[in-house]
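Here is a short briefing on one protein structure. Keep the sequence and the 3D view open as you read.

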Amino acid sequence: MTKSLLSVLNGDRQPTPPIWMMRQAGRYLPEYRAVRAEAGSFLNLCFNPAKAAEVTLQPIKRFGFDGAILFSDILVVPHALGQHVTFEAGEGPRLDPIADREGLKRLGDDLDPAIVEPVYETVRQVKAGLPADVTLLGFCGAPWTVATYMIAGRGGEDQAAARLFAYRDSQGFGQLIDRLVEASVTYLLGQIRAGVDAVQIFDTWAGVLPAPEFRRWCVEPVARIIAGVKQAAPSVPVIVFPKGAGFRLKMTVDHAGADAVGLDWTADADFVRREIQPKVAVQGNIDPLALLAGGDALDRAIDQALSDYAGGRYVFNLGHGILPPTPIGHVERMIERVRGWRP
Ligand code: CP3
């Protein structure tokens, strides 16, 4: 049986674009909230293979998506390097901030196997329960985005702490990025060995940097991760999602070695069709707020994305993660419209 998502990532066009959603296992689903409540904390859920596999499969069972994404979090990597991570209900992640080069000494050299092994076990369990035509995606955060949380100790709007660290001590910042490149290669290869078909690198905060810093801290580290993954696993496609990159997406496509790129909802369709889609598959880019709103706004957004991108190699998705208050009926309508689409 063919996996249509995997075939697009490998360079084919599918007449009906495969569909999945970032954050598809999450709080908008009652069955997710139930398992999440049983698990206690969010991280307990991430590190409990049976429960994490169950929530990974929930959106596949309910909606029949073409892709399943491993249920975990990008902050598992700093956690496994020895930086304590917690998630406060309603407030997001909290880490013990790394203020300067001295703070880097607190990090271990290697990923703690006791922390990453349960994630690989989740992959094995998902694989065992997944329909044969569904593509299983692994993931990690891009070094820049992960570093912003490690340095600030929390999420934020402008990533000021990491930008300032990188300007004040670019060598020290480079050491942190190097550590994350190495850890990310190990982590992705662990997921690949456990059975994922493809991987996505999330660079959620790529859009806040000036061009030279975007090249140095976003594109180059991601290129090194992809080179490391491809060396050991040349046939596994890699998706890069540099959110907010705009026209700099071309830099990612020309220099990172990705097989596909994620688009956020602000992407310029003419630019993407001219400069990006001839080189790699594209994925995206419904505004999560249009999905939340539903109705005509959602129908228009879906039709626009299909007419913009479905003529080429295209994976239908959102431009960022689904929002917790999104009605399930809107997701069902979106899937029906995409699957019923004829050019
Ligand atoms: O996409 C999926 O369904 C797979 C699982 C996944 C999660 N996080 C689960 C999650 C993936 C791929 C991520 C990636 C992630 N995590 C990113 C990059 C993509 C993005 O969304 O920008 C980032 C920046 C993080 C860090 C993170 N994790 C934050 C800032 C938060 C808190 C914000 C929030 O939505 O509460 C999380 C928590 C988180 N990760 C939740 C889920 C389902 C919600 C926590 C809960 O259920 O209590």
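What volume does the largest cavity have? About 30 Å³. Keep in mind that this is a predicted model.

**The cavity**

- Rolling a probe the size of a water molecule over the atoms shows where empty space is left.
- The search of the whole structure finds one cavity of 30 Å³ or more.
- Seven names make up its lining list: Asp-203, Cys-218, Val-219, Val-222, Val-240, Pro-242 and Thr-252 line the largest cavity.
- Helix H11 (211-232) and strand E6 (238-242) are the elements that give two or more residues to this lining.
- H11 gives the most, with three residues.
- By class, the lining of the largest cavity has five nonpolar residues, one polar and one charged.

**The largest pocket**

- The largest pocket holds about 1,400 Å³ of space.
- Its lining counts 39 residues. Nearest the centre of the pocket lie Arg-23, Arg-27, Asp-73, Tyr-149 and His-320.
- H2, E2, strand E3 (92-95) and helix H14 (288-293) each supply at least two residues of the lining of the largest pocket.
- Sorted by class, the lining of the largest pocket has 23 nonpolar, eight polar and eight charged residues.

**The ligand**

- The side chain of Tyr-32 has an N or O atom 2.5 Å from an oxygen atom of the ligand.
- Gln-24 uses its backbone: one of its backbone N or O atoms lies 3.2 Å from a ligand oxygen atom.
- Ala-25 has a polar backbone atom 3.4 Å from an oxygen atom of the ligand.

**Aromatic rings**

- A pair of aromatic rings is described by the distance of the centres and the angle of the planes.
- The whole structure has 13 aromatic pairs.
- Tyr-28 and Phe-63 form a stacked pair, with 6.5 Å centre to centre and 10 degrees between the planes.
- Why does this pair tie together parts that are 35 residues apart in sequence? Tyr-28 lies in the loop between helix H1 (4-9) and helix H2 (30-39), whereas Phe-63 is in helix H4 (residues 49-63).
- Tyr-28 and Phe-63 are both buried.
- Phe-42 and Phe-87 have ring centres 4.6 Å apart and planes at 70 degrees, so this pair is edge-to-face.
- Phe-42 lies in helix H3 (residues 42-46) and Phe-87 in strand E2 (residues 85-88), so the pair ties together parts that are 45 residues apart in sequence.
- Phe-42 counts as buried, because its relative accessibility is 13%. Phe-87 counts as partly exposed, because its value is 26%.
- Tyr-32, Phe-42, Phe-71 and Phe-87 form one aromatic cluster.

**Backbone details**

- Most residues other than glycine have a negative phi, and most peptide bonds are trans.
- Arg-23 has a positive phi, near 60 degrees, and is a residue other than glycine. Arg-23 sits in the loop between H1 and H2. At 54% relative accessibility, Arg-23 is exposed.
- Gln-159 is not a glycine either, and its phi is positive at about 55 degrees. Gln-159 lies in the loop between helix H8 (143-152) and helix H9 (160-168). Buried or exposed? Gln-159 is buried, with a relative accessible area of 7%.
- Gly-284 and Asn-285 are joined by a cis peptide bond, with omega about -10 degrees. Asn-285 belongs to strand E8 (residues 281-286).

- Pro-288 is found in helix H14. Pro-288 is buried, with a relative accessible area of 6%. Pro-288 and Leu-130 are 158 residues apart in sequence, and their C-alpha atoms are 26 Å apart in space.
- Pro-78 has its place in helix H5 (residues 76-80). Pro-78 is buried, with a relative accessible area of 0%. Glu-157 is 79 residues from Pro-78 along the chain, and 20 Å separates their C-alpha atoms.

Key:
Residues are numbered from 1 along each chain as its sequence is written. This is a predicted model: local features need pLDDT of at least 70, side-chain atom pairs count only at pLDDT 80 or more; totals for chains, interfaces and linings use all residues. Side-chain values use heavy atoms; hydrogens and water are left out. Rings of Phe, Tyr and Trp (its six-membered ring) pair if their centres lie within 6.5 Å; planes under 30 degrees apart count as stacked, over 60 as edge-to-face and the rest as tilted. Helices (H or I, at least four residues) and strands (E, at least two) are DSSP runs, numbered from the N terminus. Buried means under 20% relative accessible area, exposed over 50%, partly exposed in between (1.4 Å probe, protein chains only). On a 1 Å grid over the protein atoms alone, a cavity is a set of points where a 1.4 Å probe fits but cannot get out, and a pocket is an open set with protein on both sides within 12 Å along at least five of seven lines; lining residues have an atom within 4 Å of a point. Grid points are joined across faces, edges and corners, and a volume is the space filled by probe spheres set on the points. Ala, Val, Leu, Ile, Met, Phe, Trp, Tyr, Cys and Pro count as nonpolar, Asp, Glu, Lys and Arg as charged, and the others, Gly among them, as polar. A polar contact is a pair of N or O atoms within 3.5 Å; within protein, one must be able to donate a hydrogen and the other to accept it, and residues adjacent in sequence count only if both atoms are side-chain atoms.
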